[in-house]
Amino acid sequence: PGETEARIRAEAIGEAAKARFRVVTEVAPRDRSGAGSLAGLAERVNADLDGGAFMVTVGARAVFDASGLPDEAEADALLGAVRHPGRILWEAPLDRQQRWLVRRFGPNVNLAGILPEDVLALEALRSGVRGDPLDHP
């Protein structure tokens, strides 16, 4: 985002946090091809958290390709650049994305973008009672 947009965003997050709201923001790459897009994404996550956001949702395109498959190198790079990785909400609307994230980060991983009709299956996956294996993307 531009300097003015970043300043307005930071002010809005800060004011809401001061008013004791639990601020949840979202950052997403504009596309996966731009040089430095991952660094910029991590910078925005850190800025939101430093500015008072409680959690930051990372858009699915940050770590999943167009078919929904994970890019582990991108996920690792993002995690290495974010100061508070436990405060990331991973957007994962697809079942294969949810399975990968639960396998990668454990059953308590913070997930976002889950369709209401998928919640029970996801919770069964998290608790280990779902029949399909976690080791297949």
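## A look around helix 4

Set aside the neighbours within four places in sequence, and Q98 is in contact with A92, P93, L111, I114, L122 and L125. Keep in mind as you look around that this is a predicted model. Q98 sits in helix 4. Is Q98 buried or exposed? Its relative accessible area is 2%, and anything under 20% counts as buried, so Q98 is buried.

L94 makes a handy comparison. You'll find L94 in the loop between strand 3 and helix 4. With a relative accessible area of 39%, L94 is partly exposed. L94 and L69 are 25 residues apart along the chain, and their C-alpha atoms are separated by 9.6 Å.

**How the helices pack**

Two packed helices are described by the angle between their axes and the distance between the axes.

| Pair | Angle | Axis distance |
|---|---|---|
| Helix 4 (residues 95-105) and helix 5 (residues 119-127) | roughly 25° | within 11 Å |
| Helix 3 and helix 4 | about 50° | 13 Å |

How does helix 3 lie relative to helix 4? The angle of about 50° makes helix 3 oblique to helix 4. Helix 3 passes helix 4 in a right-handed crossing. On the helix 3 side, the contact is made by E72, A75, D76 and L79, while helix 4 brings W100, R103, R104 and F105. Sorted by type, the residues of this contact come out as four nonpolar, four charged and no polar.

Now for the other pair. Angles under 35 degrees count as roughly parallel, so helix 4 and helix 5 are roughly parallel to each other. Their crossing is right-handed, with helix 4 passing helix 5. Q98 turns up again here: along with R99 and V102 of helix 4, Q98 meets L122, L125 and R126 in helix 5. The residues of this contact are three nonpolar, one polar and two charged.

**The nonpolar core**

In soluble globular proteins, nonpolar side chains tend to be buried together. In this model, the largest nonpolar core has 29 residues. Which residues have the most contacts inside this core? They are L41, V45, V58, L78, W90, L101 and L111. The elements that give two or more residues to the core are helix 2 (37-50), strand 2 (55-58), helix 3 (72-81), strand 3 (88-91), helix 4 and helix 5. Helix 2 gives the most, with five residues.

Finally, V45: leaving aside neighbours within four places in sequence, V45 is in contact with V27, V56, V58 and V82.

How values were computed
Residues numbered from 1 in each chain as written. Predicted model: local features only at pLDDT ≥ 70, side-chain atom pairs only at ≥ 80, totals over all residues. Heavy atoms only, no water. Axes fitted to C-alpha atoms, helices over the stretch in contact; angles between N-to-C directions. Helix = DSSP H or I, 4+ residues; strand = E, 2+ residues; numbered from the N terminus. Parallel < 35°, antiparallel > 145°, perpendicular 65-115°, else oblique. Left-handed = near helix turned anticlockwise from the far one by under 90°. Contact = heavy atoms within 4.5 Å. Nonpolar A, V, L, I, M, F, W, Y, C, P; charged D, E, K, R; others polar. Core = buried A, V, L, I, M, F, W, Y, C linked by side-chain atoms within 4.5 Å. Buried < 20%, exposed > 50% of the residue type's maximum accessible area, 1.4 Å probe, protein only.
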